[in-house]
Amino acid sequence: MQADTATSSPSAHLHEHRAGDAHYKHYTVQRSQSVLAWSLVLTLGFAVVEVVTGFMSNSLALISDAGHMVTDAAALGLALLAQIIAKRPPSARHSFGFGRAEALAAFVNSLVLLVLVSWIGYEAISRFSHPEEVHGATVFIVAGLGLLINLLLAWMLSRGDSNMNTRAALVNVLGDLLGSVAALVSGAVIYYFGWMQIDPLLSLFVALLILRSTVGVLRESYHFLMGGVPEQIDYLKVGADLEQVDGVCSVHDLHVWDMSPGEPALIGHVEITDLERWPDILHAIKAMLLEKHSIDHITLQAEVATK
């Protein structure tokens with residue numbers, strides 16, 4: 001259906017990829033949204049339960065877990081929306097398509113998680129000096145159910161499509177899984193031993209673990225949105241390999257970036273000895289870049305080398 005839309009648009013011939021062009025079509029038809037949709041329903045449903053019981057039991061560990069599940073639901077909803085947008089084909093106003101929507105969703109999700117971690121840290125530190133009464137039994141029961149839900153969500157997301165967007169959602173769920181474990185332990189310790197400080201202590205520990213994972217996704221999505229060179233590609237090595245191709249004298253104005261996560265592109269100027277040899281030189285360059293650097297989307301301008 002998406003392919004039909006792409007070929008029937010007024011600008012279709014401008015976006016068309018012909019024989020010898022890159023295989024990437026600037027949209028993701030094959031990606032399924034069912035895993036994210038079911039994850040969203042489960043997360044949002046249990047988030048309501050945890051929010052209510054968290055405040056009823058006065059447990060910071062359970063409230064932080066509830067808050068994390070609410071942000072999980074928002075993150076999953078944003079991830080789902082991004083995948084739907086990313087399936088749209090290129091248009092006259094968006095010639096690169098909408099693949100960057102997934103990285104944008106991952107970036108926004110990470111920023112929200114940083115806010116949540118900051119709030120948990122603030123509340124945990126304040127409760128060390130002013131412990132509050134917590135209903136351990138309620139925390140233990142609800143956290144146990146939350147742990148089962150998060151295990152199911154983590155399993156579902158790990159078996160879905162692997163991309164920056166779903167990895168960001170998985171980081172959220174894994175962080176929430178840790179939150180459920182912390183709340184479970186907190187409820188048991190408070191119920192059997194009455195030690196209230198365990199609640200903010202475990203909350204702070206989980207917040208630090210979530211922060212570590214979040215920073216990684218935030219760095220990756222920021223690097224992509226800023227048009228950085230893909231992590232798996234050595235920019236200097238690409239330039240050196242280009243200049244080793246027979247007939248190439250030098251390369252300049254070279255740029256390498258990801259059009260969408262996992263889809264690198266390259267543009268540049270190539271100085272060659274003889275313009276009549278350009279078709280053969282270009283063929284050799286394409287084969288080399290694909291084999292050595294997995295770069296398929298290439299746009300190069302040939303120029304006669306100046307003496």
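Reader: Is the crossing of H3 and H6 left-handed or right-handed?
Author: H3 crosses H6 in a left-handed way. Left-handed means that the near helix is turned anticlockwise from the far one by less than a right angle; clockwise would be right-handed. Helices here are DSSP runs of H or I with at least four residues, strands are runs of E with at least two, and both are numbered from the N terminus.

Reader: Before we go on, what kind of model is this?
Author: This is a predicted model: local features need pLDDT of at least 70, side-chain atom pairs count only at pLDDT 80 or more, and totals for chains, interfaces and linings use all residues. Residues are numbered from 1 along each chain as its sequence is written, and side-chain values use heavy atoms, with hydrogens and water left out.

Reader: Back to H3 and H6. At what angle do they pack?
Author: About 165 degrees, with the axes 10 Å apart. H3 covers residues 34-57 and H6 covers residues 136-158. Axes are lines fitted to C-alpha atoms, for helices over the stretch in contact, and angles run from 0 to 180 degrees between N-to-C directions.

Reader: What does that make H3 and H6 to each other?
Author: Roughly antiparallel. The cut-offs are under 35 degrees for roughly parallel, over 145 for roughly antiparallel, 65 to 115 for roughly perpendicular, and oblique for the rest.

Reader: Which residues meet there?
Author: From H3, they include Trp 38, Leu 42 and Phe 46. Across in H6, Val 142, Ile 149 and Leu 153 are among them. Contact means heavy atoms within 4.5 Å. The residues of this contact split into 13 nonpolar, six polar and one charged. Ala, Val, Leu, Ile, Met, Phe, Trp, Tyr, Cys and Pro count as nonpolar, Asp, Glu, Lys and Arg as charged, and the others, Gly among them, as polar.

Reader: Where does Asn 58 lie?
Author: In the loop between H3 and helix H4 (60-86). Asn 58 is partly exposed, at a relative accessible area of 24%. Buried is under 20%, exposed is over 50%, and partly exposed is in between (1.4 Å probe, protein chains only).

Reader: What does Asn 58 touch?
Author: Arg 127, Glu 132, Glu 133 and Val 134, leaving out residues up to four places away in sequence. Its C-alpha atom is 9.8 Å from that of Thr 138, 80 residues apart along the chain.

Reader: New topic. How do H5 and H8 pack?
Author: H5 (residues 100-129) packs on H8 at about 155 degrees, with axes 8 Å apart. That makes H5 roughly antiparallel to H8. Their crossing is left-handed. The contact has 22 nonpolar, five polar and three charged residues.

Reader: What is the phi of Asp 253?
Author: Near 50 degrees, which is positive in a residue other than glycine. Most residues other than glycine have a negative phi. Asp 253 is in strand E1 (residues 248-260). Ser 294 also has a positive phi, about 55 degrees. Ser 294 sits in the loop between helix H10 (278-293) and strand E3 (297-304).

Reader: How many helices and strands are there?
Author: Ten helices and three strands.
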